[in-house]
Amino acid sequence: MTAQHQNEPIHALVYGDQGSFKSTFAASFPTPILVHCFDPFGKDAPYLRRGNIVTPYAEWQISEQSSVMYRDVFQDSQHLIRIEYYYDMNIEQPSGFRTFKERQALLMRGEYKEWATIVMDSMTFMELAARKYHQYVIQPSAKDPRKWFGGSTDELEENAIMRMAGLPCNVIMICHISEDKDELHGGFVRNPALPGRLQKRAGAAYSEMYRAFVRPDGNNNMIPTLQTRISAMFAAHSQIDAPNLCAPNYNALWVKPQVS
């Protein structure tokens, strides 16, 4: 099976506070979708709601030492989404990130052609998985915690930024929002919450960067929204000219204003 694209594939880094419909946005992308889920239990709900059939948890043996739990989402007989889970329940013996690296090697050998969209959800917990992997497995004798943070930054740079940014399919990176401000175009704005040098490099690697948030409409309703252009407070950009302040839905990205 080879995935078909209605529009040119896009690479989008989506960031925002919790509850800002980031995963709901990712779940609206063309199918079939592959989700690398690093978030804790229950955060996969937006993907499960996309279809009417959800399979039980199953285990896939990737190699002699690594296996990954997964679930499939169908709409009747159509396979929409596969969710693979990399959350470490045994924190002091973490294996999630090592398994993800083995899984990504398989993906890069050509399997990516089978997926219309690949999602990383979320980079926040992926960084935590990579850091614990270095703390307890790679560098357990390190006295300086900065080595673990440095190791996780290197891992994300290579595996989540460089490799994923080169795939010819839709790629969605989901991040939370940084509390810090960075200088951009002569002003100071907030960026995705990423470690160290990736705070700015990730945005440069992705042609689309959107801020997801919820805004009031004046009638006691809260509207999920995507900011696609830079503002005085938040970084964002779009190479496809996605409408600013649009709905967090794939189809909304392609709606162009009518010219009278």
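Predicted model: local features only at pLDDT ≥ 70, side-chain atom pairs only at ≥ 80, totals over all residues.
**Stop 1: helices 3 and 4**

Select residues 96–108, which form helix 3, and then residues 123–138, which form helix 4. Two packed helices are described by the angle between their axes and the distance between the axes. Here the axes come within 8 Å and cross at roughly 110°. Angles of 65 to 115 degrees count as roughly perpendicular, so helix 3 is roughly perpendicular to helix 4.

Now show the side chains where the two helices meet. Helix 3 contributes Phe97, Arg98 and Phe100. From helix 4, pick Met126, Ala129, Ala130 and Tyr133. Six residues of this contact are nonpolar and one is charged, with no polar residue among them.

**Stop 2: a salt bridge to helix 3**

Stay on helix 3 and select Arg103, together with Glu84. These two residues form a salt bridge, and their closest N and O atoms are 2.9 Å apart. Glu84 belongs to strand 6 (residues 78–85) and Arg103 to helix 3, so the pair ties together parts that are 19 residues apart in sequence. The structure holds eight salt bridges.

**Stop 3: the largest pocket**

Select Met69, Tyr85, Tyr86, Tyr87 and Met89. Of the 21 residues that line the largest pocket, these are the closest to its centre. The volume of this pocket is about 520 Å³.

Next, colour strand 5 (67–75) and helix 3, the elements that give two or more residues to the lining of the largest pocket. Strand 5 gives the most, with three residues. What classes of residue make up the lining of the largest pocket? Coloured by class, the lining shows ten nonpolar, seven polar and four charged residues.

**Stop 4: the second largest pocket**

Move to the second largest pocket, which holds about 190 Å³ of space. To find its centre, select Gly19, Phe21, Lys22, Ser23 and Lys43, the closest to that point of the 16 residues in the lining.

Then highlight helix 1 (22–27) and helix 2 (45–48), the elements that give two or more residues to the lining of the second largest pocket. Which helix gives the most to this lining? Helix 1 does, with three residues. Colouring the lining of the second largest pocket by class shows four nonpolar, eight polar and four charged residues.

Terms used: Residues numbered from 1 in each chain as written. Heavy atoms only, no water. Axes fitted to C-alpha atoms, helices over the stretch in contact; angles between N-to-C directions. Helix = DSSP H or I, 4+ residues; strand = E, 2+ residues; numbered from the N terminus. Parallel < 35°, antiparallel > 145°, perpendicular 65-115°, else oblique. Contact = heavy atoms within 4.5 Å. Nonpolar A, V, L, I, M, F, W, Y, C, P; charged D, E, K, R; others polar. 1 Å grid on protein atoms, 1.4 Å probe; cavity = no way out; pocket = protein on both sides within 12 Å on 5 of 7 lines; lining within 4 Å. Points joined across faces, edges and corners; volume = space filled by probe spheres on them. Salt bridge = Lys/Arg side-chain N within 4 Å of Asp/Glu carboxyl O.
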